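Open your viewer, and let's walk through this structure together, one selection at a time.

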Amino acid sequence: NLMAATFALQGRQEQSIDLLARVAKLQPDSAEARLRLGTDLMRGGDNAAAVDQFETAITLNPELQQANVMLVLSHLQKGRVEEAIKAAESYRSREPKEATPSILLGRAYLAAGRSDDARAAFEAALRLSPGAPTANVHLAQLAEAQGDTLSARRRYEAIVAHQDDSLQALLQLARLDALESDREAMLAHLEQATNAHPDAPQPRIILARYYLATGQPGKVNALMRGIETNPRARPAVLQLQAMAQIQSEQHREALSTLSRISKASDPSPNQLYLMAVAAFRSGDQSSARQHLEQALEKDEKHIKARVMRARLTLAAGSEAAFLSQVEEITALAPEDPNVLLLRATAAEYQGNQEAAWSLMERALTVMPSTPGMLTMASYQARSGDVDKAEKTMRDWIREHPDDIQARSALANLLH
């Protein structure tokens with residue numbers, strides 16, 4: 001068993017299976033040995049053999065929970081939905097006072113597209129175990145699928161009531177808060193998740209994105225402390241730090257941060273786009289164009305890269321090429337906020353002030369952001385309505401009092 005576990009950790013699945021098969025022969029009446037062998041066979045892709053071992057384990061010990069669970073999951077993994085339902089029903093008939101069989105049955109019903117039956121199974125699980133997270137999560141997802149976000153929220157709150165450090169429930173509550181534009185509740189749930197799970201990258205990354213969207217780049221570095229050494233989170237952490245440096249006008253530092261990603265791995269289209277932004281703002285237009293082309297070679301539909309290329313085309317005086325690129329990008333993503341702002345620039349360039357104003361308002365409605373708000377205020381000021389530009393900025397700052405970028409822009413306007 002120890003040798004098999006070691007082989008499994010090394011990825012040597014065949015040797016692990018051979019050893020566990022020997023264990024099963026040495027202990028033919030051991031349900032646990034059959035379970036271990038079945039689990040390894042399932043990992044190795046031999047589902048049919050795994051099912052045989054799980055069924056044997058259940059025959060030897062019908063109360064062995066993990067064998068029952070793995071049997072249902074192995075059927076679901078291979079798309080054998082009816083077999084999964086039968087196995088879950090059989091398990092529930094043997095263990096009527098346990099919540100797990102009902103949860104498994106609910107998952108099998110979901111795979112079969114039987115939403116009402118799935119809901120009934122999950123509710124049965126909750127009657128046996130009121131705080132069962134898995135049942136509540138599935139019921140929340142079913143409620144959201146029907147547009148009932150209030151019921152979904154109650155399900156996640158039920159999880160937190162029984163387990164106040166549930167990362168999944170807290171993140172889902174923060175997501176619902178964001179959908180309902182409840183900034184304070186969203187921040188409270190994310191901070192609760194961060195405090196409960198200081199090493200978890202997800203809540204910190206979401207908070208960092210919020211700070212960047214609301215013009216608070218100074219808060220990002222402190223937030224990333226503690227997760228920058230996590231190998232899985234490192235690329236995202238470096239990218240967020242680079243975005244914060246770009247917002248803070250530290251463009252050369254951003255290029256240095258992004259180069260650390262590219263040295264460690266092949267840079268993504270988004271990372272190449274950020275390198276283009278940092279290069280352009282540090283005055284290196286040639287490198288900016290090179291990074292943009294590399295980003296678009298990897299993903300020709302990268303909207304932000306295409307928008308930036310179009311703006312550079314206009315800045316270079318290629319008006320016809322600019323308008324042509326705007327048409328192409330609009331066809332790809334007409335309601336993307338960055339595209340809406342680009343279309344507003346094109347409308348203003350063509351002298352259609354009313355259309356430009358309408359597009360900017362739509363962009364800010366679709367995705368409220370500091371850059372979107374500043375674009376609108378800049379347009380208002382250029383149009384001669386400085387009072388309106390000031391009101392736009394003050395309204396934004398009232399909603400986002402920590403937005404340093406917005407405050408700086410307002411100060412410049414007043415000056």
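In this tour, a residue is buried when its relative accessible area is under 20%, exposed when it is over 50%, and partly exposed in between (1.4 Å probe, protein chains only). Helices are DSSP runs (H or I, at least four residues), numbered from the N terminus. You are looking at a predicted model, where local features need pLDDT of at least 70, side-chain atom pairs count only at pLDDT 80 or more, and totals for chains, interfaces and linings use all residues. Residues are numbered from 1 along each chain as its sequence is written, and side-chain values use heavy atoms, leaving out hydrogens and water.

Start by selecting residues 353-366, which form helix α22. Next, colour A356, L359, M360, A363 and L364, the buried residues of α22. These sit on the same side of α22, because they cover an arc of only 135° around the axis (the arc of the directions from the helix axis to the C-beta atoms). Turn to the other side of α22, and you find E354 and T365 exposed. What covers the buried residues? Show α21 and α23 (370-382), which are included in that cover, with contact meaning heavy atoms within 4.5 Å.

Now for aromatic rings. Rings of Phe, Tyr and Trp (its six-membered ring) pair if their centres lie within 6.5 Å; planes under 30 degrees apart are stacked, over 60 edge-to-face, and the rest tilted. This rule gives three aromatic pairs. Select F322 and Y349: their ring centres are 6.5 Å apart and their planes at 80°, so this pair is edge-to-face. Because F322 lies in helix α20 (residues 319-332) and Y349 in helix α21 (residues 337-349), the pair ties together parts that are 27 residues apart in sequence.

Key. Helices (H or I, at least four residues) and strands (E, at least two) are DSSP runs, numbered from the N terminus. The expected span of a helix is 1.5 Å times one less than its number of residues.
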